[in-house]
Amino acid sequence: MSSTELPLDVKLMALATQLLLGAFVLLSLGALGTWAVRHPAWALKGISVHGDVTHQSAVGLRAHLGTRMKTQFSASFLTLDLQQVRELFEQAPWVRKAVVQREFPNRLRVTLEEHQAVAWWGQSGSGQLVNSQGEVFEASPDDSDALPELAGPKEESAHILALYQRLRPELERFELNLERLELTERGSWRARLDSGAVMELGRGSPDELLARLHRFTATLAQLTQRYPTALQSVDLRYPNGYALRMRGVTTLAEPPKNTPAKPKR
């Protein structure tokens with residue numbers, strides 16, 4: 001039995017035919033896939049919003065997203081970039097976090113987590129708030145009268161909130177309301193009560209600052225009995241005492257060490 005080898009040109013033609021057929025099949029599948037993806041059946045039909053929506057409304061979200069929403073959502077349901085949609089929603093006021101999911105065949109489910117405002121950042125009415133995680137965000141609260149003020153370097157906002165939450169209960173024991181807590185540029189802490197009294201806390205760890213405050217509050221009852229006028233200011237930066245100023249009265253409890261004596265006349 002003899003075998004005849006095909007000529008080289010015939011082999012090349014067969015190979016070319018197979019390659020062309022394969023390319024045709026791939027192009028056909030690609031065209032079919034593109035047609036299927038762009039088919040009206042896969043057009044986005046709606047978005048449902050769930051979760052924390054106290055400060056959200058359909059009208060408000062549409063106004064915020066505007067033309068960006070129309071451009072983004074004009075894509076097919078299958079090709080929609082969920083990451084970009086999430087970022088659009090997280091740029092809306094009060095939205096801290098958004099989770100976007102596809103709901104077949106043609107809807108999106110968006111779950112929102114809102115900021116929980118606990119304080120103003122900077123001055124009251126500044127438009128910047130601090131949430132319960134110590135993060136600064138921009139929004140306008142519905143009820144701003146009850147919010148304290150926190151101030152300092154923005155990267156220290158969580159640290160400032162944590163200290164405020166430790167100092168406030170100690171003051172509330174004596175019916176003193178902590179209205180403002182500030183970390184100055186020099187790293188020193190300053191507090192203000194709702195009565196307008198200013199408290200210089202100085203530098204140190206939260207435990208050290210709380211100990212200084214406790215040293216003051218431990219004698220507060222005696223001071224208010226002796227000096228019934230309103231508290232004006234208190235300086236807790238002394239190592240073993242504090243400087244106190246009442247309206248109309250000034251007293252110094254144990255001056256700081258190495259303080260030069262006043263010259264005699």
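## The chain at a glance

How many helices and strands does the secondary structure of the protein chain come to? The answer is six helices and 13 strands, where helices (H or I, at least four residues) and strands (E, at least two) are DSSP runs numbered from the N terminus. This is a predicted model, in which local features need pLDDT of at least 70 and side-chain atom pairs count only at pLDDT 80 or more, while totals for chains, interfaces and linings use all residues. Residues are numbered from 1 along each chain as its sequence is written, and side-chain values use heavy atoms, leaving out hydrogens and water.

Of the 265 residues in the protein chain, 31% are buried (under 20% relative accessible area; exposed is over 50%, partly exposed in between, with a 1.4 Å probe and protein chains only).

## Two helices side by side

Let's look at helix H4 (residues 157-172) and helix H5 (residues 206-217), which pack at an angle of about 20° with their axes 10 Å apart. Axes here are lines fitted to C-alpha atoms, for helices over the stretch in contact, and angles run from 0 to 180 degrees between N-to-C directions. H4 and H5 are therefore roughly parallel to each other, a label for angles under 35 degrees.

On the H4 side, the contact (heavy atoms within 4.5 Å) is made by residues including Leu 163, Leu 167 and Leu 171. On the H5 side, Leu 209, Leu 210 and Leu 213 are among them. The contact residues divide into seven nonpolar, three polar and three charged (Ala, Val, Leu, Ile, Met, Phe, Trp, Tyr, Cys and Pro count as nonpolar, Asp, Glu, Lys and Arg as charged, and the others, Gly among them, as polar).

## Nonpolar cores

In soluble globular proteins, nonpolar side chains tend to be buried together. A nonpolar core is a set of buried Ala, Val, Leu, Ile, Met, Phe, Trp, Tyr and Cys residues joined through side-chain atoms within 4.5 Å. The largest one here has 32 residues, and Leu 150, Leu 181, Met 199 and Phe 216 touch the most other members. H4 gives the most to this core, with six residues.

Leaving aside neighbours within four places in sequence, Leu 181 is in contact with residues including Leu 150, Ile 160, Leu 163, Leu 167 and Trp 189.

## A look at Leu 223

Helix H6 (residues 220-226) holds Leu 223, which is buried with a relative accessible area of 13%. Not counting residues up to four places away in sequence, Leu 223 touches Phe 216, Tyr 242 and Leu 244.

Note on methods. Parallel < 35°, antiparallel > 145°, perpendicular 65-115°, else oblique.
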